[in-house]
Amino acid sequence: MTTPLTPGTIAPAFTLPDAQGNAVSLSDYAGRQVIVYFYPKAATPGCTTEACDFRDSLAALHSAGVEVVGISTDPQEALVAFTEEFNLNFPLLSDEAHEVAEAWGAWGDKVVNGNAMVGALRSTVVVNADGTVKSAEYNVNADGHVARLREELLGS
């Protein structure tokens with residue numbers, strides 16, 4: 001099990017490829033608040049719900065100066081298909097070696113369909129404009145998560 005991030009700590013740096021193969025770094029968002037969320041697998045029910053909720057909330061988040069980045073251990077090809085199928089309008093990054101997930105505390109033991117395994121944990125970290133962690137949640141439920149997060153960040 002990896003160590004969860006805590007508020008006030010510096011968010012670990014990363015550079016990962018997006019669906020188009022472009023390198024995206026946390027430092028690209030310096031000076032802006034960013035939601036970095038980890039999801040287990042593209043196009044599965046919970047991950048689709050969460051991604052579409054972020055998609056549908058993106059205009060309101062952007063108007064408040066909040067960016068969104070999704071990270072999974074899926075290969076780049078899966079991100080392309082996921083982005084296209086659901087018209088996702090924010091970067092999805094591929095962390096196939098799960099190094100970033102581990103550094104961010106989003107990798108560990110879980111149970112899927114009654115089977116114990118190690119993998120990506122559905123997690124959401126809000127990073128302040130100065131690069132510090134504002135909040136970190138692990139093993140979140142996809143249903144209603146984005147609405148609650150939006151309420152906390154925007155009051156709407």
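A close look at one strand and its neighbours follows.

A: This is a predicted model, in which local features need pLDDT of at least 70, side-chain atom pairs count only at pLDDT 80 or more, and totals for chains, interfaces and linings use all residues. Residues are numbered from 1 along each chain as its sequence is written, and side-chain values use heavy atoms, with hydrogens and water left out.

Start with strand S3, residues 33-38. Helices (H or I, at least four residues) and strands (E, at least two) are DSSP runs, numbered from the N terminus. Six of the six residues of S3 are buried, so the strand is largely enclosed by the rest of the structure. Buried means under 20% relative accessible area, exposed over 50%, and partly exposed in between, with a 1.4 Å probe and protein chains only. Both faces of S3 are covered. Gln33, Ile35 and Tyr37 are buried on one side. Val34, Val36 and Phe38 are buried on the other.

Now the strand partners. Two strands pair if DSSP finds at least two bridges between them. S3 and strand S4 (residues 66-72) run parallel, joined by six bridges. Here Gln33 stands opposite Val66. S3 and strand S8 (residues 123-127) run antiparallel, with five bridges. Phe38 has Ser123 of S8 as its bridge partner.

A helix comes in as well. S3, helix H1 (residues 45-63) and S4 make a right-handed β-α-β unit. Right-handed means that, with the strands pointing away from the viewer, the path from the first strand over the helix to the second runs clockwise.

Next, the rings. The whole structure holds eight aromatic pairs. In one, Tyr37 and Tyr39 are tilted, 5.6 Å centre to centre with 35 degrees between the planes. Rings of Phe, Tyr and Trp (its six-membered ring) pair if their centres lie within 6.5 Å; planes under 30 degrees apart count as stacked, over 60 as edge-to-face and the rest as tilted. Tyr37 counts as buried because its relative accessibility is 0%. Tyr39 is buried too, at 0%. Ring pairs link Tyr37, Tyr39, Phe54, Phe82, Phe86 and Phe90 into a cluster.

Last, helix H4, residues 145-154. His145, Val146 and Leu149 are buried there. Down the axis of H4, its buried residues fall within an arc of 90 degrees, so they line one face of the helix. That arc is taken from the directions from the helix axis to the C-beta atoms. The buried residues of H4 pack against S3, H1, S8 and strand S9 (133-138), where contact means heavy atoms within 4.5 Å. Gly155 follows H4, with a positive phi near 75 degrees.
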